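Dear colleague,

My notes on it follow directly after.

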Amino acid sequence: MNSFDILRHLPAFSEFEDDELALIDRLLSVREVKDGHVFLREGKGSGGVRAEMFVILDGTVGVTRDVGGMPVRLHEMGRGELFGTMALLDQATRSAGCVAVGPTVVGAVSRTLLDEMFASRTPAAAKFQHLVARELARKLRKLTDSLKAAQTGEFEPLHRELGLPEQLAG
Amino acid sequence: MAIDPKTQLCRRLVPGIKPDEAQALLDRMSRVTRHPGAVVLCEGEHSDALYFVSEGLLRVTVDGPDGELTLAEVQPEHWVGEVGLIDGGPASATVSAAEESVLYRLASDDLIELRVSQPRLATALLRTLSVDLAARIRHSNDFLVTQLGGTTATARPVQSGWLTSALSRLLWGTGGSA
């Protein structure tokens with residue numbers, strides 16, 4: 001199955017028309033990587049004009065945070081999820097690491113191509129920006145839920161979300 | 001030709017849009033008034049609209065273990081409800097009028113329509129909201145890691161002061177939106 005067909009079957013892209021998906025597909029640089037491949041390193045710069053964000057086309061990507069020199073797995077992402085979006089928006093350092101969990105296929109989009117698409121004034125650009133916004137909204141909701149749980153004395157979800165697991169802290 | 005103050009407000013809230021795009025945005029927004037105490041968004045309930053505050057004052061609260069916690073007050077020229085607009089999920093906090101307030105409401109369906117009819121405007125609006133969300137997530141993460149660093153999940157006592165501060169940063173942010 002090629003990347004266009006994969007995109008067509010991802011629920012996150014279900015509202016894109018075929019011609020819009022073709023435009024998105026042309027932006028993607030498809031990469032097949034092995035288990036353990038590091039896509040992003042926490043604390044590194046976004047990469048300036050060479051910065052990239054990624055769409056998971058197949059496989060799993062783990063999100064990690066460095067705790068006392070040890071990478072701690074926060075959670076995993078699967079097909080159709082985006083990562084690397086925040087640093088592209090604010091050009092700050094990467095807030096977490098991202099590593100392949102098993103053989104994984106991703107579509108990488110460079111900042112340059114993304115900016116060109118957003119400047120294209122097309123519905124595809126608006127829908128893709130909506131996809132990025134949804135990804136951030138999902139992160140915000142998870143953090144909000146963890147904070148609310150902490151208010152009742154349940155700190156484990158918050159520690160998990162932040163990469164501060166009980167066994168490594170203290 | 002003088003630009004309408006509401007058009008100017010839209011252009012301040014969504015940098016980079018043209019006057020005609022600000023007008024297109026205004027055309028899709030409905031003017032609503034809320035008396036003091038009236039609820040705009042209710043924590044936990046389905047929410048699918050963004051509100052620009054034009055006049056008055058709103059209050060952002062959440063249910064805490066010891067009752068209602070006030071996180072922020074929202075002045076004119078700010079917005080609330082952007083997460084619900086983006087993903088249509090439940091409101092993370094309750095927003096109610098603290099004073100007689102005039103709001104402009106943009107529904108999720110209108111955003112969906114704008115993506116096709118005014119893609120440049122929709123992209124600019126969603127990008128502005130995305131940058132704001134990313135800043136709030138990053139600031140909250142940094143703040144929380146500082147607060148929790150070196151402690152264990154089970155040993156941490158409940159200190160609602162900094163937790164409330166963290167929630168405020170996350171739901172309200174330093175940039176002025178809830």
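In chain A, E1(A) and strand E8 (residues 104-110) pair in the antiparallel sense over 5 bridges. Here two strands count as paired if DSSP finds at least two bridges between them. Helices (H or I, at least four residues) and strands (E, at least two) are DSSP runs, numbered from the N terminus. Within this pair, Thr104(A) of E8(A) lies opposite Val33(A).

This is a predicted model, in which local features need pLDDT of at least 70, side-chain atom pairs count only at pLDDT 80 or more, and totals for chains, interfaces and linings use all residues. Residues are numbered from 1 along each chain as its sequence is written, while chains are lettered from A and ligands numbered from 1 in the order in which they are written.

The sheets of chain A

Strands of a sheet pair through backbone hydrogen bonds, either parallel or antiparallel. E1(A) and E8(A) belong to an open sheet of 4 strands with antiparallel pairing, in the order E1-E8-E3-E6. Strand E1 (29-33) and strand E6 (82-83) of chain A form its edges; each has a single partner strand, so one side of each is left without a neighbour in the sheet.

An open sheet of 4 strands, again in chain A, has the order E2-E7-E4-E5 and antiparallel pairing. Its edges are strand E2 (38-40) and strand E5 (70-77) of chain A, each with a single partner strand, so one side of each lacks a neighbour in the sheet. On average, neighbouring strands of this sheet are turned by 35° against each other, direction ignored.

Strand E4 (residues 61-67) of chain A is joined by 4 bridges to strand E7 (residues 97-100) of chain A, and the two run antiparallel. In this pair, Val61(A) is set opposite Ala100(A) of E7(A). E4(A) is also joined to E5(A), by 7 bridges and in the antiparallel sense; there, Val63(A) has His75(A) as its bridge partner. The hairpin of E4(A) and E5(A) has 2 residues between the strands, and Gly68(A) takes a positive phi near 60° in it.

Helix packing in chain A

Two packed helices are described by the angle between their axes and the distance between the axes. Helix H2 (residues 18-27) of chain A packs with H5(A) at an angle of about 70°, their axes being 9 Å apart. That makes H2(A) roughly perpendicular to H5(A) (65 to 115 degrees). Axes are lines fitted to C-alpha atoms, for helices over the stretch in contact, and angles run from 0 to 180 degrees between N-to-C directions.

H2(A) contributes Glu20(A), Leu23(A) and Ile24(A) to the contact, and H5(A) contributes Pro123(A), Ala124(A), Lys127(A) and Phe128(A). Two residues are in contact if their C-beta atoms, placed from the backbone, lie within 7 Å.

The contact of chains A and B

Chain A gives 39 residues to the contact and chain B gives 43 residues. On the side of chain A that touches chain B, the elements giving two or more residues are helix H3 (85-90), helix H5 (123-151) and helix H6 (156-162) of chain A. H5(A) supplies the largest share of that side, 20 residues.

Chain B

The secondary structure of chain B consists of 6 helices and 8 strands. Among contacts in chain B between residues at least 6 apart in sequence, 74% join residues at least 24 apart.

Yours sincerely

Technical notes:
Angles under 35 degrees count as roughly parallel, over 145 as roughly antiparallel, 65 to 115 as roughly perpendicular and the rest as oblique.
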